[in-house]
Amino acid sequence: MRYVNLTSLLIFRSVSTAVYKRFPTMDHVVEAGFMTADERKLFDHLKSPHLKYWVPFIWFGNLAAKARKEGRIRDSVDLQSLMTEMNRYRSWCSLLFGYDWVGIPLVYTQVAEQLINPFGEDDDDFETNWCIDRNLQQWMKCT
């Protein structure tokens, strides 16, 4: 779950000014407990001109494969189910990033200004910080 929360945070940092202001650097992400210092080193070592929100999915896949080998995931069907759901979530993150990356034609924004930045800091914007806090609280209950 921590990797799902980390991915959410990374994607929200890229699309939401409110989340970016709350977590302006990766040091803030580590300090908040979303990423370990060792993971941060691995993350920083990976050079990419693109957003690296997908890296925790790779870590999850490796961890799940290891758990399967060690017998902590009973069978391949369970592993496949986990990977299918994680890939579905990765696709949703890609879709969200794509919506933010592709600009909305000006004619639409004149009809509805909210379309310009739905993840900003206005009262009508999505509460992305609330989503992060809620997901973190749920994860803490499970650990």
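Colleague: Which residues line the largest pocket?

Modeller: This is a predicted model. In it, the largest pocket is lined by Met1, Arg2, Tyr3, Val4, Phe60, Leu63, Ser81, Leu82, Glu85, Met86, Tyr89 and Trp139. The volume of this pocket is about 310 Å³.

Colleague: What makes a residue part of the lining?

Modeller: Distance decides. A lining residue has an atom within 4 Å of a point of the pocket. Trp139 is in the lining, so an atom of Trp139 meets that limit.

Colleague: How does the lining divide into nonpolar, polar and charged residues?

Modeller: Nine are nonpolar, one is polar and two are charged. Arg and Glu count as charged, so Arg2 and Glu85 are the charged pair.

Colleague: Which helices supply at least two residues each?

Modeller: Helix 1 (2-15), helix 5 (55-69) and helix 6 (76-101) do. Helix 6 gives the most, five residues.

Colleague: What span does helix 6 have, and what is expected?

Modeller: Helix 6 has 26 residues and reaches 36 Å from its first C-alpha to its last. At 1.5 Å a residue, 38 Å is expected, and the span is close to that.

Colleague: What happens at the start of helix 6?

Modeller: A side-chain oxygen of Asp75 comes to within 3.1 Å of the backbone nitrogen of Val77.

Colleague: Which residues of helix 6 are buried, and what covers them?

Modeller: Leu79, Met86, Cys93 and Leu96 are buried. Their cover includes helix 1 and helix 5.

Colleague: Why is Ser8 called buried?

Modeller: Ser8 lies in helix 1. Its relative accessibility is 3%. Buried means under 20%, so Ser8 qualifies. Leaving out residues up to four places away in sequence, Ser8 touches Tyr89 and Asn135.

Colleague: Why is Arg13 called buried?

Modeller: Arg13 is found in helix 1. Its relative accessible area is 14%. That is under 20%, so Arg13 counts as buried.

Colleague: What is Arg13 in contact with, beyond its neighbours within four places in sequence?

Modeller: Val19, Tyr20, Phe23, Pro24, Thr25, Met26 and Val29. Phe23 is ten residues from Arg13 in sequence, and their C-alpha atoms are 7.3 Å apart.

Notes: Residues numbered from 1 in each chain as written. Predicted model: local features only at pLDDT ≥ 70, side-chain atom pairs only at ≥ 80, totals over all residues. Heavy atoms only, no water. 1 Å grid on protein atoms, 1.4 Å probe; cavity = no way out; pocket = protein on both sides within 12 Å on 5 of 7 lines; lining within 4 Å. Points joined across faces, edges and corners; volume = space filled by probe spheres on them. Helix = DSSP H or I, 4+ residues; strand = E, 2+ residues; numbered from the N terminus. Buried < 20%, exposed > 50% of the residue type's maximum accessible area, 1.4 Å probe, protein only. Contact = heavy atoms within 4.5 Å. Expected span 1.5 Å × (residues − 1). Polar contact = N/O pair within 3.5 Å; in protein donor to acceptor, adjacent residues only side chain to side chain.
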